[in-house]
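Subject: A structure to look through

Hi,

I have a structure to pass on to you, and you will find it just below. Have a look around first, then read on for my notes.

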Amino acid sequence: MGGSLAAALKARGFYGRIVACDPSESEIALGIEKGLIEAGGCELAPLLDGVSMIVLAVPVLAMESVLESVAANIGRAAPDVVITDVGSTKGTIRESVVRVFDRMPASVVLGHPIAGSEKSGVDAANPELYVDHKVILTPEPDTRTRALERVRALWQACGAEVLEMSVERHDQVLARTSHLPHLLAFSLVDTLARQDERLDIFRYAAGGFRDFTRIAGSDPVMWRDIFIANRDAVLSSLDDFEAGLKTLRAAIASGDSDALIATFDRASHARRYFGTLLSKTSYQAEYHMHSQQRVTYRVQPGGQAQGRLRVPGDKSMSHRSIMLGALADGVTEVKGFLEGEDSLATLQAFREMGVAIEGPHQGRVTIHGVGLHGLKAPAGPLYVGNSGTAMRLFAGLLAGQAFDSELTGDESLTKRPMGRVADPLRAMGATIETAEGGRPPLAIKGGASLKGIRYDMPMASAQVKSCLLLAGLYAEGETRVREPAPTRDHTERMLNGFGYPVSREGDTCWLEGGHTLTAGPIDVPSDISSATFFLVAAAITPGSDITLEHVGMNPTRIGVINILSLMGANLAFENEREVGGEPVADIRIRYAPLSGIDIPVEQVPLAIDEFPALFIAAANAEGTTRLRGAEELRVKESDRLQAMADGLAVLGVEHTLVEDGIDIVGRTAGAGESPSYAGGTVDSLGDHRIAMAFAVAALRASSEIVIEDCANVATSFPGFLGLLERIGMTAEEARA
Ligand SMILES: O=C(O)C1=C[C@@H](OP(=O)(O)O)[C@@H](O)[C@H](O)C1
Ligand SMILES: C=C(OP(=O)(O)O)C(=O)O
């Protein structure tokens with residue numbers, strides 16, 4: 001460790017003098033020969049003359065005697081000398097410092113670089129060892145700021161990332177993440193070696209053995225010291241490990257395949273999550289990285305709109321399939337699941353609550369339901385990404401659990417209103433805290449006894465309705481929700497499909513708590529909200545002919561069909577059928593000129609996510625299209641009225657924005673097949689539907705449309721650009 005530190009400093013142009021002390025003369029000679037140090041020796045005292053920093057890189061149990069020599073000769077060092085170390089445990093080293101100096105001097109900053117290799121000695125010195133590795137410093141309240149800064153600068157100069165934590169926390173964290181795995185590796189190799197004196201068995205050892213046991217080649221003295229020094233924390237992590245192993249043993253002994261799948265699946269995903277965090281490519285890390293990277297679409301003007309397509313699975317149903325499948329008794333097989341960021345975040349959240357979920361693999365997911373009362377407390381906050389649906393539905397479901405929970409999301413979600421669910425849930429008896437203004441995160445207290453309520457929703461929201469119905473599963477008596485206008489009814493249909501009775505009369509639906517859900521197969525159709533971008537593409541492009549296969553045609557979702565039909569679109573439905581309680585059809589659309597219309601207000605909730613694309617249809621229609629009663633668009637992933645108005649302004653499309661809607665002036669009569677508007681650079685504000693709407697708009701633009709901030713398209717529509725290409729458009733994605 002010391003050799004690598006010297007090598008790293010020299011490689012980065014450190015111009016000071018480095019001297020080293022080591023019991024081996026030959027190691028010192030080698031260090032000088034390799035240019036890592038200027039001088040050195042086996043006796044410490046003379047080496048301390050005038051030094052400004054002392055780094056103790058010795059085994060943990062040798063630390064105290066070295067500290068004694070340092071203390072006895074500290075007068076030889078510079079007056080502002082700083083002492084630090086690289087020991088793998090911190091509690092015992094702090095005790096040694098206090099014993100030797102009678103206190104913790106303000107100039108001592110203990111530290112631990114989380115880097116190293118199983119090799120030791122000057123030969124193993126590696127100037128890159130600390131690059132992109134973490135170094136933990138454990139300053140005390142009275143550590144001198146200047147001393148801390150100097151040690152921080154030392155490690156940063158070597159390319160490391162410096163963190164701070166308390167000595168106690170350091171020792172506990174390291175016991176679990178480093179010391180325990182080393183103990184297991186030593187033990188496994190020793191056990192096998194003792195069983196097979198001639199070590200024959202190792203000849204047949206596969207990659208798994210090699211990967212698991214590499215660290216058993218580490219320095220025995222160093223590791224003995226670590227286990228003695230960090231005894232209590234290691235023993236407690238060993239207790240946890242033994243308990244886990246015992247559970248697995250019992251599952252193997254009794255052939256309990258569900259229990260084995262549950263553990264392996266959780267572990268496998270946790271490991272992948274960890275691995276991708278390291279390489280910064282997990283779906284969540286990737287998402288964050290993508291949004292930091294700013295994905296930009298460049299879409300060329302013109303092109304065709306032709307072909308047969310199947311767009312990904314319905315987002316609303318995908319969320320609900322996981323939620324209800326997890327709460328059901330038995331195994332639920334899902335087909336057509338949307339493998340987008342939003343629904344994957346929901347899936348991950350249930351894994352964190354102990355539900356075994358296999359997949360997704362090509363849209364297939366198997367959920368091993370735990371029953372209404374089988375969820376376990378997650379270890380930390382549940383992260384639901386960009387998804388308003390997930391946060392609101394989870395709020396209801398979690399309000400009924402025995403454990404406390406917290407829901408967080410990305411930057412866009414953090415701005416969205418949650419009072420609309422928190423208030424009625426409180427009326428049911430839940431205890432929920434929100435951030436200022438009723439925004440996320442949500443902290444939900446477990447163990448509440450919920451009571452059914454009658455709730456008149458102030459806005460037409462399927463998310464609020466579904467939230468209350470899910471809480472109602474856990475409530476005493478009936479939970480009744482009245483909606484001011486019909487909203488998507490997937491929750492009601494799917495609950496009924498799982499054998500949970502939900503009733504409806506007119507504008508009110510209700511259920512009674514205390515029944516159970518029984519697992520069954522779910523076939524998720526293609527998402528009509530995703531299909532919309534291709535419906536609009538064909539609707540605005542002369543010569544187009546697109547068929548979208550297996551699209552969900554639930555009557556509470558087909559506002560886009562109704563609105564496009566009123567505008568004059570040429571739509572035909574083929575292969576109409578019912579799949580798992582939801583109507584489905586193939587939709588064929590061919591070009592026909594569109595006319596502007598006054599959008600009937602009752603269609604608004606039925607087309608709520610489709611307006612960004614419908615505004616593009618309006619920009620290509622003859623005359624003016626008027627939308628009113630759509631104030632909900634202002635609280636989606638972005639303020640969609642404003643975001644679309646800003647983008648339409650860039651393209652030169654005349655429009656008037658009002659509080660609850662917009663008027664869009666389309667083409668003038670007799671313009672033929674000429675472009676409908678200009679190109680330009682528009683900002684999607686990180687909203688997937690705004691990004692996709694302007695991508696499709698390029699079909700009738702006079703020049704390229706560049707769309708900024710498109711990473712979130714992956715939340716609802718993975719593979720979107722590929723499908724644009726398939727219909728005959730030219731689009732590319734740039735990351736910066
Ligand atoms: O319940 C659902 O799955 C959804 C309901 C709608 O939101 P609101 O209920 O807030 O209108 C919709 O915008 C969202 O994309 C999905
Ligand atoms: C509004 C949407 O989703 P959510 O509310 O789940 O974020 C959407 O997908 O357009």
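Helix H16 (462-472) gives the most to the shell around ligand 1, with three residues. Helices here are DSSP runs of H or I with at least four residues, strands are DSSP runs of E with at least two, and both are numbered from the N terminus. Before going further, please note that this is a predicted model, in which local features need pLDDT of at least 70 and side-chain atom pairs count only at pLDDT 80 or more, while totals for chains, interfaces and linings use all residues. Residues are numbered from 1 along each chain as its sequence is written, and chains are lettered from A and ligands numbered from 1 in the order in which they are written.

**The two ligands**

Around ligand 1 you will find Ser316, Gly388, Thr389, Ser461, Ala462, Gln463, Ser466, Arg488, Ile608, Asp609 and Glu632. A residue is near a molecule if its C-beta atom, placed from the backbone, lies within 6 Å of it. Helix H14 (388-399), like H16, supplies at least two residues of this shell. By class, the shell around ligand 1 has two nonpolar, six polar and three charged residues. Here Ala, Val, Leu, Ile, Met, Phe, Trp, Tyr, Cys and Pro count as nonpolar, Asp, Glu, Lys and Arg as charged, and the others, Gly among them, as polar.

Ligand 2 has Lys315, Asn386, Ser387, Gly388, Thr389, Asp609, Lys636, Glu637, Arg689 and Ser716 around it. This shell has no nonpolar residues, but five polar and five charged ones.

**The domains**

The assignment gives domain 1 (2-165), domain 2 (176-247), domain 3 (256-293), domain 4 (294-309 + 525-735) and domain 5 (315-523). These bounds come from an automatic or database domain assignment. The centres of domain 1 and domain 2, taken over C-alpha atoms, are 28 Å apart. Eight residues from domain 1 and 13 residues from domain 2 take part in their contact, where two residues are in contact if their C-beta atoms, placed from the backbone, lie within 7 Å. On the side of domain 1 that touches domain 2, three residues are nonpolar, four are polar and one is charged.

**A helix with a buried face**

Now turn to helix H4 (residues 91-101), where Thr92, Ile93, Ser96 and Val97 are buried. Buried means that 20 or more other C-beta atoms lie within 10 Å of a residue's own, exposed means 12 or fewer, and partly exposed is in between, with C-beta atoms placed from the backbone. Why do the buried residues of H4 line one face of the helix? Seen down the axis, they fall within an arc of 145 degrees, so they line one face; the arc is that of the directions from the helix axis to the C-beta atoms. An α-helix has 3.6 residues a turn, so residues three or four places apart point the same way. Among what covers the buried residues of H4 are helix H3 (63-72) and helix H8 (220-229). After H4 comes aspartate 102, with a positive phi near 70 degrees.

**A hairpin**

Strand S24 (residues 570-579) is hardly covered, as the count of buried residues among its ten residues is zero. S24 runs antiparallel to strand S25 (residues 582-590), and eight bridges join them; two strands pair if DSSP finds at least two bridges between them. Asparagine 570 stands opposite arginine 590 in S25. The hairpin has two residues between the strands, and glycine 580 takes a positive phi near 55 degrees.

**Some backbone details**

Most residues other than glycine have a negative phi, and most peptide bonds are trans. Leucine 685 is not a glycine, yet its phi is positive, about 55 degrees. Leucine 685 is partly exposed, with 19 other C-beta atoms within 10 Å. Aspartate 709 also has a positive phi, near 70 degrees, and counts as buried, with 21 C-beta neighbours inside 10 Å.

One runs from glycine 359 to proline 360, with omega near 5 degrees, and proline 360 lies in strand S12 (residues 356-361). Another joins proline 440 and proline 441, with omega about 0 degrees.

Enjoy exploring!
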